[in-house]
Amino acid sequence: MKKYNLLFICFLLSFFTQAQQNLSLNDVINLAKQQSIRSKQIENKFQNSYWRNFSYKRQFLPSLVFDGTIPEFSRTISSVTQPDGSALFVNRNLISNSSNLSLNQIIPATGGSIFVRTGLDNILLTGESSTITYLSRPVEFGYTQSLFGFNRFKWDKKIEPLYFTEAELFKTEEIEDLSMLAVNKYFDLLQAQLSMKNAENNYLNNDTIYLIGKGRYRYGKIAENELLQLELSLLNAEMAYEQEKLNFELSRQKLATFLGYSSQEKFELTLDSIIPDFKVVYEEALNYANEYNSNLIQQDRQIFEAEMNVAKVKSENRFNLNLTASFGLTQTAANLKDVYTSPKDQQYVSLGIRVPIIQWGLGKGYIRQAQSNAELVRSNVEQQKIDFNQDIFVKVAEFNLNRKQLEVSKKAQEVAEKRFYVTKQRYLIGKILVTDLQIAQQEKDRALISYINAYRSFWQSYYNIRKVTHYDFETKTIIGG
């Protein structure tokens, strides 16, 4: 029976070991891009811009529209004038139906629109007597145009493509932001994982050293004070180990839920000790940033929008003419058979005029306000471009510095690890004091944390420089292109 229990326990241990995922930094970043909630939010946000651009393009295509009233009913008492001039009140029931099919086309260059339309109406009147009348419009052509008004379509052609280009570039930048977030989550857990293992090793080392110290104390080779110091170090190491286990568990759960897994998902992170061997040149980074960064597209869009607002305010506060013209055929009859027989032509022309006469400077104030706002936007954009160039310089400098610091931190961690090993061996043979051993252990622990933080800073600056330039300097490729 004991044999079967032992086999069952081994099976469970094997199952949980197999279920544990071994993840590198690239694995974490790729999983974040594929299945995290944040990645879905990024895609949904881009889809909003995609369909906005889709709708913008389709507005310039012809549209076929049917509209009608089937039916409209009213029951009233109306006054009817008799042949002798007298008036009578009579009950009237009226049922009317109308239908129109129209083909419409926008003219972006002028801001006007043309249409071709056909329609059929009928009216059924009941009361003292019943009559039915049909009205047909076999074909009708029309055109509407604001001669001096604001042409929204002309500005849409300038602004809407920038919106979509900006959205495409911004999506790439948000993905790089997601990568930076994944880097933080990865190193949070990696630091907790390594700190936990380091704390466990410290605990085991202190336990071994305490046992050796007890033996030396019995033979009178060390004082009681030193033995108590060893015992205190052991207790502190045990408490540190328990705390690091808790930190590891919390960080593991955060990474699991961030990647879209259950909070119970097990991970074992691996650290790739290879440091990418490349540097970033400021001039090259600035060229890519000026070509691909969404901020610069956004600045161009803001200038166009400010200029559009000036044009709109001017058109609303000056002389304007609205032209509407149509030509077609029409006929009326008491039955459907005759309503399309020998149709007559019909014309309609309307020229509306609007002239501000006395506004007490109101229109002028609106125009000056819009112009002032446009100048402010241009000034802000000019300053933003200067700040942008400086920001690129800082990011490039930070990346190159972080790469150098990572190399130094890696070497320092190796030296501290070796120094602790040598110090431990010397203490075991009684060559140094316990305080020297504790100092070496503390320096080893600090060097490990410093090394992990240097790694974190390097990869953060790596993805930050990718975000602002849309360029991978390691593979020499455009990101998202």
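## Helix α3: buried side

Ser39, Ile42, Phe46, Asn53 and Tyr56 are the buried residues of α3. Around the helix axis they cover an arc of only 105°, which means that they sit on the same side of α3. The model is a predicted one, and burial here stands for a relative accessible area under 20%.

## Helix α3: exposed face and length

On the face of α3 turned away from the buried side are Ile37, Lys40, Asn44 and Asn48, which are exposed. For exposure, the relative accessible area is over 50%.

Helix α3 runs over residues 37–58 and has 22 residues.

## The largest pocket

The volume of the largest pocket is about 250 Å³. Its lining is made up of 16 residues, of which Leu25, Asn26, Asp272, Pro276 and Trp459 are the closest to the pocket centre. Two or more lining residues come from each of the elements α2, α4 and α10 (434–469). Helix α10 gives the most, with 5 residues.

Sorted by class, the lining of the largest pocket holds 10 nonpolar, 3 polar and 3 charged residues.

## Elements in both regions

How values were computed. Residues numbered from 1 in each chain as written. Predicted model: local features only at pLDDT ≥ 70, side-chain atom pairs only at ≥ 80, totals over all residues. Heavy atoms only, no water. Helix = DSSP H or I, 4+ residues; strand = E, 2+ residues; numbered from the N terminus. Expected span 1.5 Å × (residues − 1). Buried < 20%, exposed > 50% of the residue type's maximum accessible area, 1.4 Å probe, protein only. Arc of directions from axis to C-beta. 1 Å grid on protein atoms, 1.4 Å probe; cavity = no way out; pocket = protein on both sides within 12 Å on 5 of 7 lines; lining within 4 Å. Points joined across faces, edges and corners; volume = space filled by probe spheres on them. Nonpolar A, V, L, I, M, F, W, Y, C, P; charged D, E, K, R; others polar.
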